[in-house]
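I wanted to go through the salt bridges, the nonpolar packing and a few helix contacts, and jot down what turned up.

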Amino acid sequence: MANTESVSHDSLVVCACGGQDFTARDAVEAALLRGDLGDLWPSFLQRVAAEKQADESNLDLDEEAMDAAAEQFRYERDLITAEETEQWLAARGLDLDDFTDYFTRRIFLQSMEEEVAAEEIDYPSAPGDLRQLFAVEMILSGDLDRLANDLGWRLASAAATAADTVDADDMEAERRQFFERNALTPEQLPEWLQKIGRDTPWFEKMLRMELEYRRRAESLLTPQTRKREMALLRLPLTRFEAEVIELESHDAAKEALFCVREDGMSMEEVANEGRYPYKVLSFLQEDIPEELQPRFLSVTVGEVLEPLPRGDAFELYRVTSKTEPHADDPAACQRVDRILLHRHFSELAARHVETRLPMAGIAE
């Protein structure tokens, strides 16, 4: 088990607004109240259970997998040396023990052949040391970056809004949604708050922030603004459907390409004959690696692209459809909504919120 004293979610400041500091605990528990922790907490409990089970069974850790995971972590954060890694950890109140234990839990869970039975305990009822360990996980996984970003957007919304603009009926509706989401009654609220060390004023403040954030978001995401943004993003949101064959070498890929182009065989026939993996994919232009995007933009429907490298293997693509974004495409609409929200709330947060936690970056 990690050294849970190396980081305190009560003291690690992630942002400030209106002269008040907000900590990792604030970001996590604001997400808890909103119902935005999702699978983060149960997944964490699974990893803790896997580590415990491995300790009890005296299982050996896969050191090669451990090294690979740690190397990938450092690569993604551009941490070249051990000293840079230690500095990154120290800036977040962590040490190398936290770093090692973080990957240990993940690798043991991946190696468990049987299902791991995690402790069934909700976040408010969990002991303090378990919640502290969860904070360590959130920092190292990067999930705290997102939760801090979400909190910052809501703080900015509240800071930019006059206090007397909140409608009482809307607040009551927000309370009802909280109680329904958490299967609580109003009478049970004081006990729920006591478990996480919060009070009623905090609860009301969080509800007001969420109400104002959602009201602003809904005013942004109108059919007109979505249509305008989608027109601007016509190329990156173009959707492709393609047949794909995975091949072990460039020579095998060139031979498969010849069979399709010259012999008139279908992609599936070539895959079956050579016993190659075959699949049908749907993806957006912006999901394609940047260096390959021009090749897909210029392709015509029905055309087979030259073999594309993928790791040590190659892939053969035949584009079967190419569709510009439209309002009925859920993936395109989600991308447009994220861009609109990110643009507005990032600008708002830049005026009202000061980021304190060194983040790896928040994706749109």
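Where do Arg 216 and Glu 212 lie, and how many residues apart are they? I found both in helix 10 (residues 200-220), 4 residues apart, about one turn of the helix. Helices here are DSSP runs of H or I with at least four residues, strands are E runs of at least two, and both are numbered from the N terminus.

Ground rules before going on. This is a predicted model, in which local features need pLDDT of at least 70 and side-chain atom pairs count only at pLDDT 80 or more, while totals for chains, interfaces and linings use all residues. Residues are numbered from 1 along each chain as its sequence is written, and side-chain values use heavy atoms, with hydrogens and water left out.

**Entry: salt bridges**

I took a salt bridge as a side-chain nitrogen of Lys or Arg within 4 Å of a carboxyl oxygen of Asp or Glu. That rule gives 32 salt bridges. Arg 216 and Glu 212 make one of them, with the closest N and O atoms 3.2 Å apart. Both residues are buried (buried is under 20% relative accessible area, exposed over 50%, partly exposed in between, with a 1.4 Å probe and protein chains only).

Next I looked up Arg 226, which bridges to Asp 337 with the closest N and O atoms at 2.7 Å. This pair links distant parts of the chain, since Arg 226 sits in helix 11 (residues 223-232) and Asp 337 in helix 15 (residues 330-352), 111 residues apart. Arg 226 has a relative accessible area of 28%, so I logged it as partly exposed. Asp 337 comes in at 15%, so it counts as buried.

Glu 315 and Arg 310 form another bridge, 3.4 Å between the closest N and O atoms. Buried or exposed, Glu 315? Glu 315 is buried, because its relative accessibility is 5%. Arg 310, at 54%, counts as exposed.

I also noted a network of salt bridges that links Arg 34, Asp 36, Arg 146, Asp 150, Arg 154, Glu 174, Glu 210 and Arg 214.

**Entry: nonpolar cores**

For a core I used buried Ala, Val, Leu, Ile, Met, Phe, Trp, Tyr and Cys residues joined through side-chain atoms within 4.5 Å. The largest one has 79 residues, and Leu 140, Leu 144 and Trp 192 touch the most other members. Apart from that core lies another of 14 residues, including Ile 245 and Met 267.

I then listed contacts (heavy atoms within 4.5 Å) for Leu 144. Leaving out residues up to four places away in sequence, its partners include Leu 12, Val 14, Met 138 and Leu 357.

**Entry: helix 6 and its neighbours**

Helix 6 (residues 128-141) packs on helix 7 (residues 143-159) at about 95°, with the axes 4 Å apart. Met 138, Ile 139 and Ser 141 of helix 6 meet Asp 143, Leu 144 and Leu 147 of helix 7.

Helix 5 (residues 96-111) was my other check. Among the residues that meet there are Phe 99 and Tyr 102 from helix 5, and Leu 133 and Leu 140 from helix 6.

**Entry: Val 301**

Last, I looked up Val 301, in the loop between helix 14 (293-297) and strand 5 (308-310). Its C-alpha atom is 6.6 Å from that of Lys 322, 21 residues apart along the chain. Val 301 touches Val 319, Thr 320, Ser 321 and Lys 322, with residues up to four places away in sequence not counted.

Note on methods. Axes are lines fitted to C-alpha atoms, for helices over the stretch in contact, and angles run from 0 to 180 degrees between N-to-C directions.
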